[in-house]
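Dear colleague,

Please find below the structure that I was asked to pass on to you.

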Amino acid sequence: MRSIQDAFPLLQSPKKIFITTHHKPDGDAIGSMLGLYHYLVKKGHTVYAVSPCELPEFLMWMPGVDKLYNYESQIKVCQQLLTEVDLIFCLDFNDYSRTKHLEAPLAAATQPKILLDHHLMPKPYWDYGMSIPEKSSTCEMVYDFINLCNDNDLIDTQIAECLYTGVMTDTGSFRFPITTASVHSMIANLKHHGLEHSKIHEHIYDSWSESRMRFLGYVLTEKMEVFPEYNAALITLSRKDMGMFDTQSGDTEGLVNYPLSIANIRFATLITERNDEVKLSFRSKGDFDVSAFSRAHFEGGGHFNASGGRSKASLKDTIANFKKILSDIHP
Ligand code: 5GP
Ligand code: MN
């Protein structure tokens with residue numbers, strides 16, 4: 001992959017640009033996509049930002065969500081756009097399979113592709129870009145990209161709100177070790193560009209429905225197992241559990257982090273039964289590499305302290321398999 005600077009000549013004249021991100025997008029995925037969208041539009045480009053699927057409710061306030069395409073519900077028009085554009089930006093993922101239905105169309109596209117991502121071990125698909133696992137978030141990398149283009153003065157309140165969202169969510173509100181001095185400098189700069197940060201926290205964290213709060217209570221009371229001997233905890237959710245509280249897309253967001261607030265718990269897992277597969281989310285504190293764990297056992301990957309994977313076995317068998325592995329490895 002060539003450096004991002006090598007791609008700058010491609011952006012010298014107005015271009016048609018396709019931006020996409022990973023399936024089940026989170027705050028960093030949508031924040032980076034919309035932050036880059038607003039910036040590239042200001043630079044005179046025609047930009048199409050495409051989410052692989054619908055957005056969770058807690059992101060629906062973001063500036064520019066009305067401009068997004070949804071690949072799942074607008075497949076024909078998105079496929080057409082992909083053939084028409086001059087350039088493709090891929091944000092916050094390291095493997096086409098993370099976009100689910102966009103995997104094959106992206107692989108088939110022949111236009112130059114640019115990656116901005118902070119996951120470990122990217123696939124070698126991209127022509128240009130930055131892959132930096134030491135970065136807090138893809139939003140931080142979009143900020144770096146804008147600065148590399150000498151365009152800090154183009155950052156406005158909309159761009160600042162989008163970029164703040166991803167940095168805030170991916171750093172656990174600035175508490176994870178990945179929160180560097182550069183992150184805090186970036187936030188100071190966004191404040192100079194008009195950011196009202198507490199508004200963003202309210203949008204993301206204080207916008208729960210009553211049923212989501214009750215669901216959390218149920219999950220922590222009934223669905224969490226703690227294994228003090230392994231410094232680990234496990235939450236498992238069946239489709240029936242989700243149905244009991246009328247859960248919406250995004251309502252399981254952040255659940256996996258709760259067990260890490262128990263003293264001495266350093267490895268937390270959430271196993272969720274989906275329609276077509278079983279999804280696993282892993283979080284750790286300290287020196288246990290959940291990205292390697294996920295790659296080794298559950299076809300996944302991600303970051304050192306936050307990763308995900310999947311299983312084709314039933315929920316029951318996946319849970320049994322996970323517990324067997326846990327007792328074998330003693331993280
Ligand atoms: P989450 O648990 O929130 O789904 O994912 C945690 C982190 O791991 C995210 O940064 C996400 O992008 C990454 N991740 C989740 N699932 C997978 C997967 O199946 N494969 C890879 N390579 N990364 C994943
Ligand atoms: Mn991210």
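**Overall fold**

The chain has a secondary structure of 11 helices and 12 strands; helices (H or I, at least four residues) and strands (E, at least two) are DSSP runs, numbered from the N terminus. Its radius of gyration is 20 Å, close to the 20 Å given by the globule rule for 331 residues, so the chain is as compact as a globular protein of that length. That radius is taken over C-alpha atoms, and the globule rule is 2.2 Å times the number of residues to the power 0.38.

Please note that this is a predicted model, in which local features need pLDDT of at least 70 and side-chain atom pairs count only at pLDDT 80 or more, while totals for chains, interfaces and linings use all residues. Residues are numbered from 1 along each chain as its sequence is written, and chains are lettered from A and ligands numbered from 1 in the order in which they are written.

Along the principal axes, the C-alpha atoms occupy a box of roughly 60 × 40 × 35 Å. Of the 331 residues, 41% count as buried, meaning that 20 or more other C-beta atoms, placed from the backbone, lie within 10 Å of the residue's own.

**Two domains**

The domain assignment, which is automatic or from a database, gives domain 1 (4–205) and domain 2 (210–329). Their C-alpha centres are 27 Å apart. Across the boundary, 11 residues of domain 1 are in contact with 10 residues of domain 2; contact requires C-beta atoms, placed from the backbone, within 7 Å. The side of domain 1 that touches domain 2 comprises 6 nonpolar, 2 polar and 3 charged residues. Here Ala, Val, Leu, Ile, Met, Phe, Trp, Tyr, Cys and Pro count as nonpolar, Asp, Glu, Lys and Arg as charged, and the others, Gly among them, as polar.

Which residues come nearest to ligand 1? Of the 14 around it, they are Ser281, Gly300, Gly301, Gly302 and Gly308, where a residue is near if its C-beta atom, placed from the backbone, lies within 6 Å. Strand S11 (301–302) and strand S12 (306–311) are the elements that give two or more residues to this shell, and S12 gives the most, with 5. By class, the shell holds 1 nonpolar, 10 polar and 3 charged residues. Domain 1 and domain 2 each supply at least three residues to the shell.

Yours sincerely

Definitions and conventions
Two residues are in contact if their C-beta atoms, placed from the backbone, lie within 7 Å. A residue is buried if 20 or more other C-beta atoms lie within 10 Å of its own, exposed if 12 or fewer, and partly exposed in between; C-beta atoms are placed from the backbone.
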